[in-house]
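Open the model in your viewer and keep the selection tool at hand. The stops below go from one interface to the next and then into a single chain.

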Amino acid sequence: MEDAVEAHQRPKLERYGDTLFAVFKTVCYVDHEELTANSEVVDTGEIMVFLGEDFVVTVRHGRHGSLGPLREGLESDPGQLAQGPSTVLHAVADHVVDDYLTVIDSVQEDMDQVETDVFAEHGERVDPGRIYQLKRELLELKRAVVPLGRPLEELASRPIRVVAPEIQAYFRDVSDHLQRAKEQIAAFDELLNSILQAHLAQVTVAQNEDMRKITAWAAIVAVPTMICGVYGMNFDHMPELRWRYGYGMVIGVISVACLVLYRAFRRGRWL
Amino acid sequence: MEDAVEAHQRPKLERYGDTLFAVFKTVCYVDHEELTANSEVVDTGEIMVFLGEDFVVTVRHGRHGSLGPLREGLESDPGQLAQGPSTVLHAVADHVVDDYLTVIDSVQEDMDQVETDVFAEHGERVDPGRIYQLKRELLELKRAVVPLGRPLEELASRPIRVVAPEIQAYFRDVSDHLQRAKEQIAAFDELLNSILQAHLAQVTVAQNEDMRKITAWAAIVAVPTMICGVYGMNFDHMPELRWRYGYGMVIGVISVACLVLYRAFRRGRWL
Amino acid sequence: MEDAVEAHQRPKLERYGDTLFAVFKTVCYVDHEELTANSEVVDTGEIMVFLGEDFVVTVRHGRHGSLGPLREGLESDPGQLAQGPSTVLHAVADHVVDDYLTVIDSVQEDMDQVETDVFAEHGERVDPGRIYQLKRELLELKRAVVPLGRPLEELASRPIRVVAPEIQAYFRDVSDHLQRAKEQIAAFDELLNSILQAHLAQVTVAQNEDMRKITAWAAIVAVPTMICGVYGMNFDHMPELRWRYGYGMVIGVISVACLVLYRAFRRGRWL
Amino acid sequence: MEDAVEAHQRPKLERYGDTLFAVFKTVCYVDHEELTANSEVVDTGEIMVFLGEDFVVTVRHGRHGSLGPLREGLESDPGQLAQGPSTVLHAVADHVVDDYLTVIDSVQEDMDQVETDVFAEHGERVDPGRIYQLKRELLELKRAVVPLGRPLEELASRPIRVVAPEIQAYFRDVSDHLQRAKEQIAAFDELLNSILQAHLAQVTVAQNEDMRKITAWAAIVAVPTMICGVYGMNFDHMPELRWRYGYGMVIGVISVACLVLYRAFRRGRWL
Amino acid sequence: MEDAVEAHQRPKLERYGDTLFAVFKTVCYVDHEELTANSEVVDTGEIMVFLGEDFVVTVRHGRHGSLGPLREGLESDPGQLAQGPSTVLHAVADHVVDDYLTVIDSVQEDMDQVETDVFAEHGERVDPGRIYQLKRELLELKRAVVPLGRPLEELASRPIRVVAPEIQAYFRDVSDHLQRAKEQIAAFDELLNSILQAHLAQVTVAQNEDMRKITAWAAIVAVPTMICGVYGMNFDHMPELRWRYGYGMVIGVISVACLVLYRAFRRGRWL
């Protein structure tokens, strides 16, 4: 059993003989002024529950998931506790899953903020790090929520000796809530994907515009280089080279050519 | 209670002892000549309802959601009012959700307009700001509609003391209408995403075409530069430099080369 | 009522006291040799029906939707007409929705043609105008079909005084057919989106290939320009410049360099 | 009736008075060593069935769909034939639809092959013609399978005089199989789309890499050109031009500059 | 029968008279330190089962799928074996499908790892080979799992002589588990697609940034080249060429021009 208490496990439900061992990931929303590329949004902890026929032990890792209020609630309701230790397992599961839904509601606001920013006037200037950060935090949430699905379903559907039948019925409710949490997370995931895709497409368009601008300038510069090249040739017989105002005329031609190009590029919205 | 009356809350339903406190977001479609990047499409307000066993108080923020006609309708039907204050809660919810559907019908026309424009002959010239604006307005609508889902579902399914049982049944209808509004908004969202994606792809194709054109011109200009470079070399023994018509011939060669390139690029549709 | 008869209305169903007023959009497939960027594919008209307890009036706009055969069919079956004027409303709705399905079957062939062309060997040369045209024609069809959904559902589910109960049951069938038409249109829409996306991606790939080719040529041209630049320098002590065959050698070096580059680019499939 | 026997019709089911006329598209998988851009994967033929109350005629176009075994099967089971000519219609439909499923199983392997190739190490070198070919062959299959849906549904659900009621029940099974074939084809279609999209994105990335490489080389070449330009100027007072080792020094500077650039570009993975 | 024992078959279920022949693909997760472009993730083997009315033979290919524990489990439970040889078929199928689910759970962690890496700060530097490798391994898993669907469904729904009716009911459970495995694989597939798409878009953005940088540098270098070109012209009358400090001034102008451009490009985030 000592072995089982180590931290950083995936959510699961195991049976050791008549003892049930459950690992839950608790999550908690971390308040932040504004979402940045490093904002911690979701913080996770762990609660383990050992459940025998006449005992229940809970172990807690991480800052969150204080079970104090839970304990008080249970102790103040002797009728509930009379149904045996599995009441505690249900109370913990219910508490943990309710926290998921609360966290999801808070994450919704971060989603809204990012979506609004990306679809704002100059969405291509949004720091994509924020989208990635939200994606990663969502992944953390997903890793806490999704693996709990199958264990909870089993708790709700298959009779287990250490779980009182009246309690088992309650697990169906918990399982339904978890289902809703999973769906919401999947929806967030898809939404973030399409936001990211839109953002990357915006950035590509802005980059292309820059490229067009730089290349257009380079093309303008290439024209005088070419004209100068002509009069840099060393032919013996190039009458223009002997003209008194040849140099001035060439500078004039170059200036006019550049101006015309500049205007044309402006009109074509290339500059 | 005074605390509860502040503006800018998310839609919700809370119980303070025997009092029910509900926040609704009202929406209203803002008529506009033509959708631009700044058109306000959806305007929102708030209605709060305090419901006790023998009283109901409504508070209204924002220009919309005049409850006058509602009040008249209720007062003219004493049979309905006899079912107690929860009638008013239902009437408000029904009114608010009906407005959602009306607004959605109007937004449909903006969607049609944007879609038609993007898929028109020169869709790449459409101002993407319009798509973004519609997206933002849709987000505002979503923020009003979606959070109402869970409270309404609860009202429809769980018995609450201050809500008369006959009234509760009516809430199922309201909840169904809200569901339809949510689905419609989700469909709009997806449609706008695919419109935006198509538009950005169109713009990329148009930008690439510009780049190809600029680069093709630059490539044409590079050829005379190279030829001039040859005759700009300072070798003692370059017979061409001594020829009487060397200069003219080079200019001729350059002109022909450029013309040939230009024709070739035209044929390849690069220019 | 005169006011109601104006053209260009959205499909709808309204009640004025005991009179029912329905607007249907009729559609008709326009045959065309081949789908081009301007082909008209779908042509629309309007039928309005005023239905009272003992009268029915139909108004028709546009070339299509001749109700002649309908009238004959009804008149030849007195048993049916005995069920009152709502028979006519049903007959019109049934006729209009059946036309939707027929048109959709014909549009399927245009879809097939476009899809085959885009996924042909040189799909990037397909005129995207054809895809846009089909998209626009589909939008027109959508605008005729989709808004009819809610009115028809209401006709099928809520008892209305002017509609005979036996007739009402028939409307469920019409509503089902409309549902199928809506699904088919949604499927077409999605298919066109993915065709367009594939096409734009193909075009981008082809454009990139062009760019690579032009840039590779420009890079080849840059090498002689650089070498000529070296021998265009005015240093007093540049022994090569004094060599008898210096010029020839440089031209040789340049030719070899260009040839090597050309071969390398060919091998790398850049040219 | 002779008119009806012409080839190249879409699958359909029509009634001429008491005669039923059905057109089926038969498909057959064409074995090929390896999928290329021209591989024929699916070959189609046609079977037409004329069904009256006391006769049945079948007409066959194309190489496939030999009905020999079918006939033998039916003739060896007199009990089945006693149910009248509609037994034959069912046997043909069942046979044709079963072939669809068999062909789909074979196409699955082509799909697997293409998918494996595109997601292999150098997927961007895959010939996209193969993806397009598969797409086109799938389209051909789709055109055979999809239009059969509605006729089969009708056969299964609406009583028709020439079809024995016991036989009609069997058509529900055929219709289910066709439904499965349709779903599978739709799944293939979507999969091919995402494969194509991934492939085009890979190609774009590879093209961009090429462009970056070419442009980086051109940028390296531009530096000596610029330096040579400096010493190609004709100022009277340019002390370096008079230095004994000026030329050598410039060549040295140029070489070092190019080397440094080359190294930097290598480190940045641009070359 | 000897013919049937050859390796590398697709999962299937065939009847030879009264003998049932089933091919299962066993899968096994290959542990790896870290996912690389060559990591083997999923290894497959084969189990074949010949089932007659009073005998059962199993043949095993590949390292995995040791049936030892299975045999022991069956032999220790005589009650189960009394139901005849089909018990063994069920035990094998159950065992194989359970392995699928276990492998999928392990693959989930690889998915998580790849997703975390791609959405990390510098996701564009992730080796895409890893995504492709996971995709290929998933394909291998898919090829083992998906074709088993139809045979298992048939086993669960159609009575077969050699399968005891009590056993047949158990196959429904196995079929459900397989269904779950299929869904999970489909979800992984879609997730990998969107990860790959996001990654390729990231890479494109990073490439465009490089291109912009290189082109911006080339544009800066083009300016001195142009200015030098001007003073490389051979006009007789170019007063600047005679100035004592003309050369110095031009170098100064060039330096300032480059610096200004560099600053401007920096400010525009092009460098």
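Which residue of chain C forms a salt bridge with Arg242(D)? Select Arg242(D) and look across to chain C: the partner is Asp236(C), with the closest N and O atoms 2.5 Å apart. Keep in mind throughout that this is a predicted model.

**Stop 1: chain C against chain D**

Stay at this interface and count the salt bridges: there are six between chain C and chain D. Polar contacts, with both residues at pLDDT 80 or more, come to 17 residue pairs. To see which parts of chain C are involved, colour α3 (86–118), α6 (165–231) and α7 (239–242) of chain C, the elements that each give two or more residues to the side touching chain D. Of these, α6(C) gives the most, with 22 residues. Sorted by class, that side of chain C has 20 nonpolar, twelve polar and ten charged residues.

Now select everything in contact across the two chains: 42 residues of chain C meet 41 residues of chain D. About 3700 Å² is buried between chain C and chain D, and carbon and sulfur atoms give 60% of that area.

**Stop 2: chain B against chain C**

The buried area is about 3600 Å², with 60% from carbon and sulfur atoms.

How many salt bridges are there between chain B and chain C? The count is six. One to display is Asp105(B) with Arg150(C), whose closest N and O atoms are 3.6 Å apart. The interface of chain B and chain C also has 16 residue pairs in polar contact, both residues at pLDDT 80 or more.

**Stop 3**

**Stop 4: inside chain A**

Select Glu75(A) and Arg71(A), whose side chains meet in a salt bridge at 3.4 Å, N to O. Why are they about one helical turn apart? The two are separated in this way because they are four residues apart in helix α1 (residues 68–75) of chain A. Over all chains the count is 70 salt bridges.

Zoom out and colour chain A by its domain assignment: domain 1 is 2–206 and domain 2 is 212–267. The centres of the two domains, taken over C-alpha atoms, are 69 Å apart.

Finish with the two spans of chain A that an unreviewed UniProt entry labels "transmembrane region", residues 214–233 and 245–265. Residues 214–233 are 90% helix and 0% strand, with end C-alpha atoms 29 Å apart. For residues 245–265, the chain is 95% helix and 0% strand, and the end C-alpha atoms lie 30 Å apart.

Definitions and conventions. Residues numbered from 1 in each chain as written. Chains lettered and ligands numbered in written order. Heavy atoms only, no water. UniProt positions renumbered as here; feature names shortened; annotations may be inferred. Domains from an automatic or database assignment. Contact = heavy atoms within 4.5 Å. Buried area = accessible area lost by both parts, 1.4 Å probe. Salt bridge = Lys/Arg side-chain N within 4 Å of Asp/Glu carboxyl O. Polar contact = N/O pair within 3.5 Å; in protein donor to acceptor, adjacent residues only side chain to side chain. Nonpolar A, V, L, I, M, F, W, Y, C, P; charged D, E, K, R; others polar.
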